[in-house]
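Hi everyone, thanks for making time.

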Amino acid sequence: MDFIEVYYSPQQVSCPESSSPSPRKPAWVVADWMAQGLPVRIVEPVPTRCEQMALAHAPGYVEGILSCRLMNGFRGRQQDVADSLPWTCGSFLSAARGALNNGLVACSPTSGFHHAGYESGYGYCTFNGLMVAALTLKAEGKVRRVGILDCDQHYGDGTAEIMQALKIDWIRHVSREYGSADDAGPFVDALPEVVRSFADCDLLMYQAGADPHINDPLGGFLTTAELAERDRIVFSAAKALGLPVVWNLAGGYQEPHSRVLEIHRNTMAAGVAQYV
Ligand SMILES: [Zn+2]
């Protein structure tokens with residue numbers, strides 16, 4: 001590959017009053033990667049349609065969120081958040097298609113998916129773009145099995161809830177709530193085998209969260225170097241399996257946000273080192 005495809009539109013950015021920088025992060029990371037001269041190509045995503053989002057969520061919930069009648073994952077009813085959601089889900093779905101098409105990797109600079117359940121959202125998550133993408137691709141016959149490797153600091157409870165609600169047995173979901181720095185060694189040591197456990201999947205969705213960083217106010221067990229090693233292992237092990245990877249940003253709450261951007265930059269650099 002000559003570059004890593006990044007499925008980004010300014011329309012996926014929103015600016016709710018929130019302690020989370022995540023809705024602003026897509027523009028920041030893209031600007032950072034370009035400024036650093038990383039070999040990325042920006043590709044315009046296709047926004048998801050209501051019926052695609054309703055594959056993973058109750059139709060009434062989808063309608064209520066998009067019309068600002070129901071509270072979103074930021075505990076508000078902001079129009080700009082509602083307007084951004086088809087674009088964040090669409091960025092992830094489009095990137096997943098990109099990874100399937102090139103057989104290697106694609107990036108969606110998105111966050112805010114894994115706490116969104118079948119008809120509820122919290123923790124800065126409104127719609128579960130992971131599940132929207134998986135269910136859309138499954139309905140189209142593009143995938144048989146999908147893997148979700150959720151390396152955010154926090155458990156993907158919304159993902160698990162949707163899988164349970166819809167009785168889904170064709171997604172392998174690996175996610176947990178992480179603890180102290182004592183978890184770091186075992187986590188990194190186990191990771192190659194964890195990635196190999198997705199060998200029978202057609203696509204791996206990798207949430208490369210920045211909030212497991214040891215200095216993150218909502219996280220805390222991996223150093224910057226250990227996070228970079230995490231990314232290196234995921235990409236190299238998936239590539240060895242011939243398993244396409246679509247990856248996104250997920251959480252990251254350090255101040256100033258340049259510290260979060262550094263972690264996401266390292267993930268992109270790990271992808272570049274492996275695939276470009
Ligand atoms: Zn998190």
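Two housekeeping points. Residues are numbered from 1 along each chain, as its sequence is written. This is a predicted model, so local features need pLDDT of at least 70 and side-chain atom pairs count only at pLDDT 80 or more, while totals for chains, interfaces and linings use all residues.

The protein chain has nine helices and seven strands; these are DSSP runs, H or I of at least four residues for helices and E of at least two for strands, numbered from the N terminus. Along the principal axes, the C-alpha trace spans about 45 × 40 × 35 Å. For 276 residues a compact globule would have a radius of gyration near 19 Å, and the chain's 17 Å agrees with that. That radius is taken over C-alpha atoms, and the globule rule is 2.2 Å times the number of residues to the power 0.38.

How much of the chain is buried? The share is 50% of the 276 residues. Buried here means 20 or more other C-beta atoms within 10 Å of a residue's own; exposed means 12 or fewer, and partly exposed is in between, with C-beta atoms placed from the backbone.

Now the core. The largest nonpolar core has 72 residues, and L203, L204 and Y206 are among those with the most contacts inside it. Such a core is a set of buried Ala, Val, Leu, Ile, Met, Phe, Trp, Tyr and Cys residues joined through C-beta atoms within 7 Å. Helix 4, residues 79-102, gives the most to this core, with nine residues. Beyond neighbours within four places in sequence, L203 has contacts that include A96, A99 and L100; a contact means C-beta atoms, placed from the backbone, within 7 Å.

That brings us to strand 6. Which of its residues sit on each side? L203, M205 and Q207 are on one side, L204 and Y206 on the other, and all are buried. Strand 4, residues 146-150, runs parallel to strand 6 and is joined to it by five bridges, with I148 opposite M205. Strand 7, residues 245-248, also pairs with strand 6 in the parallel sense, over four bridges, and V245 in strand 7 is the bridge partner of L204. Pairing requires that DSSP finds at least two bridges between the strands.

Strand 6, helix 8 (residues 224-241) and strand 7 form a right-handed β-α-β unit. Right-handed means that, with the strands pointing away from the viewer, the path from the first strand over the helix to the second runs clockwise.

Finally, some backbone details for those of you who like torsions. Most residues other than glycine have a negative phi, and most peptide bonds are trans. C68 has a positive phi near 65° and lies in the loop between helix 3 and helix 4. Because it has 15 C-beta neighbours inside 10 Å, C68 counts as partly exposed. R75 lies in the loop between helix 3 and helix 4 as well, with a positive phi of about 60°. With 12 other C-beta atoms within 10 Å, R75 is exposed. And what joins E255 and P256? A cis peptide bond, with omega about -10°; P256 lies in the loop between strand 7 and helix 9.

Technical notes. Contact = placed C-beta atoms within 7 Å.
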